Amino acid sequence: MLGSIGEDRVFYRILVESETVTGYPDLPVPASPPSGLEPVYYTAEFQDVFVRIAAVERAVLVAGMPKTVSILVAQTQSAKDAIVAQMTNRAALLGIGFFAVAAALSILTARSVLRPVNDLAEAVGRRGPHDLRPVVRSVPRELQPMVRALNGFIGRLQGALTRTETFIAEAAHHIRTPLATLRTQAETALRLTEDDAMRARIRSMIRSVDDSARSASQLLDHAAVVYRTDQRTEESLDLGSLIARVCDRFRPAADLRDIVIATQLPTQPVTIVADLLLLESALRNLIDNAVKYSHVDGQIDVRLEQDAGRAVITVMDRGRGLDGAQKADLTDRFRRGANVGDVVGSGLGLTIVREVARAQSGRFDLTERDGGGACAVLSLPLG
Ligand SMILES: Nc1ncnc2c1ncn2[C@@H]1O[C@H](COP(=O)(O)OP(=O)(O)OP(=O)(O)O)[C@@H](O)[C@H]1O
Ligand SMILES: [Mg+2]
């Protein structure tokens, strides 16, 4: 005990038959006396500090009489506390050091594990909208199931897109053709019938066939536009010649009602980068509306101008006008004006125009025209 004493203090007490012979008389004795030769150890408070005490008992002959002699040795515990504090500090330092090394290693490991995932994500993100080829990058073995799943998904997506395209093309053919046949036959029947009631019925049947044909055709056009919005092929187009072509296509229908389609197009080409099918669809619907809702003998003005980096297409008519309806309402799906009940239509034309404008970063507006009629403006960024 004395060897490792340091700053500690040591006390002792020797008793003969419970009587202190020497030492500190108030050093506490053990609660239960030691048995046999083994010492007992206990902790007790002595002089305001906790001390660790060892006590032994022996029978000794004193003046020929056997007496019980107890020896108590006590030691304060500051050296032990200092050792414990030192060990705690070392353990804490060791723990912090170990944690720092583990954290650095885990960051390094996480980075090296995530790098191939990031590379893969970047490679897939760089692809164009049409690129549905399978991913063939070499990746760590752990990532191979993910790449296989991704390729499976790409394959299924491609299959679904092909089926959509086929459906749109086939449905157009299989719906339009029988409806056209039905209409021809109904017209023949109308010509051969003298009975007024029957003629009225056949006329309403022809109207229904026209409605169905128009709805089917617009629904398929809309589906094609939605499909193309994701799959669009951007190409350089001369907007002037495209507008001229679409107007020419409507002239026979306009001539039947003595409607003039007047175009004002710049002599220089106005080039934009866009998807031809989408733009054609939008222009067709704008001019179709102008012709449909014009009065007999009316005039439609189609203009193309350039303004602040944009190509501005204006289609104006002197027809029945919007009757107070707002563009925001008329561009909703299947929404028609209150003043057009006598004209065949499905309410999808302006939805198509709005979606094309959005897909091509353009703007679309439809307002009443001063002096009567409607004015539709589609503006697109110049390419
Ligand atoms: N030039 C126009 N003059 C008057 N009203 C118009 C004109 N263009 C659009 N509208 C109004 O906007 C509505 C929606 O037009 P939209 O082209 O979407 O449908 P639709 O012409 O009725 O049917 P369809 O889908 O067959 O074109 C029309 O029903 C009509 O009330
Ligand atoms: Mg329309």
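**Figure 1. The largest pocket of the predicted model.** The largest pocket of this predicted model has a volume of about 290 Å³. A pocket is an open set of points on a 1 Å grid over the protein atoms alone, with protein on both sides within 12 Å along at least five of seven lines, and lining residues have an atom within 4 Å of a point. Grid points are joined across faces, edges and corners, and a volume is the space filled by probe spheres set on the points. The lining consists of Arg-214, Ala-253, Leu-256, Arg-257, Asp-288, Val-291, Lys-292, Val-343 and Val-344. Two or more of these residues come from each of α4 (239-256) and α5 (276-292); α5 gives the largest share, 3 residues. Helices (H or I, at least four residues) and strands (E, at least two) are DSSP runs, numbered from the N terminus. By class, the lining has 5 nonpolar, no polar and 4 charged residues. Here Ala, Val, Leu, Ile, Met, Phe, Trp, Tyr, Cys and Pro count as nonpolar, Asp, Glu, Lys and Arg as charged, and the others, Gly among them, as polar.

The model is predicted, so local features need pLDDT of at least 70 and side-chain atom pairs count only at pLDDT 80 or more, whereas totals for chains, interfaces and linings use all residues; side-chain values use heavy atoms, with hydrogens and water left out. Residues are numbered from 1 along each chain as its sequence is written, and chains are lettered from A and ligands numbered from 1 in the order in which they are written.

**Figure 2. The second largest pocket.** The volume of the second largest pocket is about 190 Å³. Its lining has 13 residues, and those nearest the centre are Ser-18, Val-29, Pro-33, Glu-57 and Ser-70. β4 (49-62) and β5 (65-76) are the elements that give two or more residues to this lining, and β5 gives the most, with 3 residues. The lining divides into 7 nonpolar, 4 polar and 2 charged residues.

**Figure 3. The antiparallel sheet that contains β4 and β5.** Five strands make up an open sheet in the order β2-β1-β5-β4-β3, with antiparallel pairing. Two strands pair if DSSP finds at least two bridges between them. β2 (19-23) and β3 (40-46) are the edge strands, each pairing on one side only. From one strand to the next the twist averages 30°. Strand β1 (residues 10-16) pairs with β5 over 7 bridges; Tyr-12 stands opposite Val-73 of β5, and Leu-15 has Ser-70 of β5 as its bridge partner. The antiparallel pairing of β4 with β5 extends over 12 bridges, and Arg-58 is the bridge partner of Val-69 in β5. β4 and β5 form a hairpin with 2 residues between them, and Ala-63 in the turn has a positive phi of about 50°.

Figure 4. β11 and β12 run antiparallel and are joined by 6 bridges; Glu-368 stands opposite Ala-374 in β12. Angles run from 0 to 180 degrees between N-to-C directions, and axes are lines fitted to C-alpha atoms, for helices over the stretch in contact. Contact means heavy atoms within 4.5 Å.

**Figure 5. Packing of α3 against α7.** Helix α3 (residues 196-231) and helix α7 (residues 349-359) pack at an angle of about 10°, and their axes are 10 Å apart. The two helices, α3 and α7, are therefore roughly parallel to each other, a term for angles under 35 degrees. Gln-218, Asp-221, His-222, Val-225, Val-226 and Thr-229 of α3 meet Gly-349, Thr-351, Ile-352, Glu-355, Val-356 and Ala-359 of α7. This contact has 5 nonpolar, 5 polar and 2 charged residues.

**Figure 6. The largest cavity.** A cavity is a set of grid points where a 1.4 Å probe fits but cannot get out. The count comes to 1 cavity of 30 Å³ or more, and the largest cavity has a volume of about 440 Å³. Of its 29 lining residues, Asn-289, Tyr-293, Leu-322, Leu-350 and Leu-366 are the closest to the centre. α3, α5, α7 and β12 (374-381) each supply at least two residues of the lining, with the largest share, 5 residues, coming from α5. The lining has 13 nonpolar, 10 polar and 6 charged residues.

Methods
Parallel < 35°, antiparallel > 145°, perpendicular 65-115°, else oblique.
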